[in-house]
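This report is meant for a reader who is meeting the structure for the first time.

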Amino acid sequence: MTLISCESGRAHETPVHQLALVEDIKPAKDIFYSLHEKYLEKSITHRRFKHTDIVRILDSLKTNPLFEVKKVGESFQNRDIFLVKAGSGKTKVLLWSQMHGDEPTATMALLDIFKYLADSTSGDKVRDDLLRNTTLYFIPMLNPDGAEVYKRRNALDIDLNRDAVSLQSPESRILKSVRDSLKPDFGFNLHDQNTRYTAGKTSKPATVSFLAPPYDYAKSENEVRTKAMKLIVYMNRLLQNYIPGQVAKYSDEHEPRAFGDNIQKWGTSTVLIESGGYKNDTEKQYIRKLNFVALLNALKAIGQQTYTSEKIANYYKIPENERYLFDLLIRNAETEREGKPYRLDIGIDRYEVNMAPYTNFFYRSSIEEIGDMSVRYGYQELDASGMRLIPGKIYPEVIKNVRTLQSMNIKEILQKGFTTVKIKNYMPADQFTALPINIITGKNTRNHEVILSRSANFVLEQDGQVRYAIINGFIYDLQQDKNEVLNALVN
C-alpha cells in the first residue's frame, strides 16, 4: 500500500503587492495542455519508478526511426545511462533529468514528450516544425542508482549537482562528456524541489520554479544567459494560465560546483526547472503535465525564435522562492507549560520515509515551528481559537495484540485524550500502522509534549470535550468522524 498525503484546507488570497509582480504579463498561448492526456505514458503513474521501467520504454523507442537511442555510459552500480535523440534542426537542445534520484517529475514528462514526438501520423504541424527546427537530446535518468532506492545522491553518496568540476562520479563524467561533444545551444536542467516553498511571501506554493543559473558570483549577464532569461519569461507567461501566482524564481546564488552554473559558463543557454508542490498532487501528476506543457512550448519557442522578444526585466519580476508553507498549521491553540498558560501556533510537516523496495513510503511528522505564524501558511490549516491543547496520553491498559486493538472503539480512546496504546504482543516489523493511533511495544514509552522536531501527537479540547486528535501530524475530527490519519507510528 502506498500512503499518500491529504492536502486539503482553506486557500489564501494572494496579497495585492504580489499580484503587481505579474499584472503586466499577458498569458502566452498554449496548444499542448489539452494534448497531454492523449500522450500520457500510462505505464508510469507514480513517482517511485525504477531504471527498468525507463529501459522498457526506451527499448520501444528503438523501433521508431524518428529516435536514436544509445547508451552513453554506466552508473557506479553498472546501470545503463541513455541518450535519446530526435529531430534534425540546426538548434541543438539537451535536456537531462533525475540527476537527483528522488526528483522524478520531469522524467515522467519526458516520457510523455517521447510519445508526443513519436506520433508521426497525427498531422500535427507544430510537432513537425519542432522536429525540423531543433535537434533534441534527452538523458531521461542520469542517476539510476539513486532512483533505485529513491534518494537524492548517487551510490557513492555524491551529489551529482555539486560534481561538475571534480567529476568524481561516473554519472557526472557522462553528462560533461555529452555536453562537450554536442555543444548544445540550449540546456534544460530538470529537478524537483521541496513542496513547502512558496512563490514569494505568499501562501501559494512554488509549483514550478525557474532559474537562469549565474556563471559567476557577480551574476553577470551575457548573451548566453540572457537567452535563458527570456525563455523563462516566456514559460512563466504560459504557466500563469494554469497556476497563477505559483511560479517562482530559484535562488540565484552562484554555486561554482553545480552543473547548471557551469554549463551556462561553457556556452549553453541553461534553464533550471524545479517542480515543487501543488495542492492534492502528492504523486505530482498535475505538475508532470505542467512540465510537459512548459517544455514543449519552450522547445517550440526555441525553434521559432519567438522567445527573443521577451523583456529581461520581467525575469526579475518573478517572485523568489521562499519557505512560508507547512503541511499543517494550527493557529491560536491555548496550552500551558510549568503551570503557565500561553497561546501558540504550531507548524507541522510530514516527511516521507522510504520502505524497501522503495516503491512505497509512510509518513513521520515533525513539529517544525512553534510561536507566532501570522505570516506563515499551511496546505492545511486549523484555527484552534478557544481550544485547549493537551499532549497525547498513553492508554493505561496494555493491549494483547493488534487484533484486539482492531476490535476496540479507537474513536472512544481518542475522545479520552489517548493518542498512543501499548501492545504486548506486536509481531510486524513495520514502523507505522494504518490505524489512527500510535503503537508502542515492549518496554518502550513515549512523551508527547509539544517540542520542536518531535512528532505531533496531541488533542484539542473544546468546551471540555476532545474535538480534534492530532495523530502523527494528521487530523481526526471527532465530532464529524472525519479521519484523515494516513498512518500513525509504531515505536
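## Overall form

Two residues are said to be in contact when they have heavy atoms within 4.5 Å of each other. The model shown here is a predicted one, and its secondary structure comes to 13 helices and 24 strands.

The C-alpha trace of the chain spans about 75 × 50 × 45 Å along its principal axes. For 491 residues, a compact globule would have a radius of gyration near 23 Å, and the 25 Å of this chain agrees with that expectation. Of the 491 residues in the chain, 56% are buried, a term that stands for a relative accessible area under 20%.

## The nonpolar cores

The largest nonpolar core holds 65 residues, and within it L117, F188, L231 and M235 touch the most other members. Helix α10, which covers residues 285–304, gives the most to this core, contributing eleven residues. Apart from this core lies another one, made of 25 residues, including Y395, F418, F474 and V485.

The surroundings of L117 can be followed in detail. When residues up to four places away in sequence are not counted, L117 touches L66, F67, A86, R127, L130, L131, L136 and F138.

How many of the 20 residues of α10 are buried? The number is 17, so this helix is largely enclosed by the rest of the structure. At 1.5 Å a residue, α10 should span 28 Å, and its end C-alpha atoms are 29 Å apart, which agrees. The helix is followed by Q305, a residue whose phi is positive, near 65°.

Helix α8, formed by residues 223–239, has 17 residues and reaches 25 Å from its first C-alpha to its last, which is close to the 24 Å expected at 1.5 Å a residue. This helix is mostly covered as well, with 13 of its 17 residues buried.

Strand β11 (residues 325–337) pairs with strand β12 (residues 340–355) in the antiparallel sense, over eight bridges, and T335 stands opposite Y342 of β12. The two strands form a hairpin with two residues between them, and in its turn E338 has a positive phi of about 55°.

Strand β12 also pairs with β13 (residues 360–371), again in the antiparallel sense and over eleven bridges, with D345 standing opposite G371 of β13. In the hairpin of β12 and β13 there are four residues between the strands, and Y358 takes a positive phi near 70°.

## A parallel sheet

Three strands form an open sheet with parallel pairing, in the order β16-β17-β19. The edges are taken by β16 (393–399) and β19 (438–441), each of which has a single partner strand, so one side of each is left without a neighbour in the sheet. Neighbouring strands of this sheet are turned against each other by 30° on average, when direction is ignored.

Strand β17, made of residues 418–423, is joined to β19 by four bridges, and the two run parallel.

Is R179 buried or exposed? This residue, which is found in helix α7 (residues 170–182), has a relative accessibility of 7% and therefore counts as buried. Leaving out residues up to four places away in sequence, R179 touches L94, P184, I263, W266 and T268. R179 and K411 are 232 residues apart in sequence, and their C-alpha atoms lie 59 Å apart in space.

E255 has its place in the loop between β8 (247–249) and α9 (259–265). With a relative accessible area of 18%, E255 is buried, because the cut-off for that term is under 20%. Once its neighbours within four places in sequence are left aside, E255 is in contact with R162 and D261.

Methods. Residues are numbered from 1 along each chain as its sequence is written. This is a predicted model: local features need pLDDT of at least 70, side-chain atom pairs count only at pLDDT 80 or more; totals for chains, interfaces and linings use all residues. Side-chain values use heavy atoms; hydrogens and water are left out. A nonpolar core is a set of buried Ala, Val, Leu, Ile, Met, Phe, Trp, Tyr and Cys residues joined through side-chain atoms within 4.5 Å. Buried means under 20% relative accessible area, exposed over 50%, partly exposed in between (1.4 Å probe, protein chains only). Two strands pair if DSSP finds at least two bridges between them. Axes are lines fitted to C-alpha atoms, for helices over the stretch in contact, and angles run from 0 to 180 degrees between N-to-C directions. The expected span of a helix is 1.5 Å times one less than its number of residues. The radius of gyration is taken over C-alpha atoms; the globule rule is 2.2 Å times the number of residues to the power 0.38.
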